[in-house]
Amino acid sequence: MPDVFVNYRTGDEESAATMIARELSRRFGAERIFFASNSIELGHRFPVELVRAVEECEALLAVIGPRWTEVQGADGRPAFEAEQDWTRREIQTALDRGVLVIPVLVGKATRIDRAVLPDDLRELADCQYRRFDHRNAESDLTALGDALARLLPDLGAVDRDVRAARDRAEAKSREKSAQDAGHARMRTRDVEQRVRGGIGNLNGDLSGTFVNEPQGPVNTGRGHQYNAPHFEGDNTGVHFTAGDNSGTVHQRFERESRRSDDGR
């Protein structure tokens, strides 16, 4: 069952109607967009198919160009005045059913004057419309598709553009997560290398300090460093070393030879 019926008049902006139908089919699926030249199978009776489609659709787009009221029928009169004119019948059926009818004014087309329309089509002049310009085709088609997706929930549920945008957002999120994980691994590796090297940083941001296998007195805080005394000596004397960061004191204590009374 088609959701959207694309109505147009032969001789007036068929190219615009084709572009609209093609874009909507791409975005929502061809089975949801009825366009007579594409949707009616070979050999099928077009009067039956047209009536069925317009009776089942949720919205009808009436594509109206500058010549919509000027195209003449076989009798030389404006085509829309004939009761059997298919463009008129499709719009009339949709209006009678209460279907959402959206005039799409192409190019320099202006809103149709109620006074020139037959009684059963005058409501068309009151319907809020959209504009389509070949020079702004991409943005105008996007805006039309967005409006239909919002107005018809079943159509919005199969919107391929929305799905593609969601997939891109999810891919971007996964990529960012992978980058963050990579940066975390690099920081961890950096910390490990610092640990193996001796003095480093536990948090990766200089907020903590660690010492690996110190070989001597180390001060990791604020203030003086006080070192324990260190004694060295041999048979000739003793060396004493002590101090803090402000200086070091070295003293030597020598052992004097004393001769004993017995000559030792």
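Two strands count as paired when DSSP finds at least two bridges between them. Keep that cut-off in mind for this predicted model.

Start at strand E1, residues 4–7. E1 and strand E2, residues 33–34, are joined by two bridges, so they meet the criterion for a pair. Their pairing is parallel. Within E2, Ile33 is the residue opposite Val4. How does the chain get from E1 to E2? The path goes through helix H1, residues 14–28. This β-α-β crossover is right-handed.

E1 also has a partner in strand E3, residues 59–64. Four bridges link E1 and E3, and the two run parallel. Asn7 has Ala62 of E3 as its bridge partner.

Now look at the side chains of E1. Which residues point one way, and which the other? Val4 and Val6 point one way. Phe5 and Asn7 point the other way.

Move on to Asp85. This residue sits in the loop between E3 and helix H4, residues 86–97. Is Asp85 buried or exposed? Its relative accessible area is 13%. The cut-off for buried is under 20%, so Asp85 is buried. What does the side chain of Asp85 touch? It makes a polar contact with the side chain of Arg9, at 2.8 Å. Beyond its neighbours within four places in sequence, Asp85 is in contact with Arg9, Ala79 and Phe80.

Technical notes:
Residues numbered from 1 in each chain as written. Predicted model: local features only at pLDDT ≥ 70, side-chain atom pairs only at ≥ 80, totals over all residues. Heavy atoms only, no water. Buried < 20%, exposed > 50% of the residue type's maximum accessible area, 1.4 Å probe, protein only. Right-handed = clockwise from strand over helix to strand, strands pointing away. Polar contact = N/O pair within 3.5 Å; in protein donor to acceptor, adjacent residues only side chain to side chain. Contact = heavy atoms within 4.5 Å.
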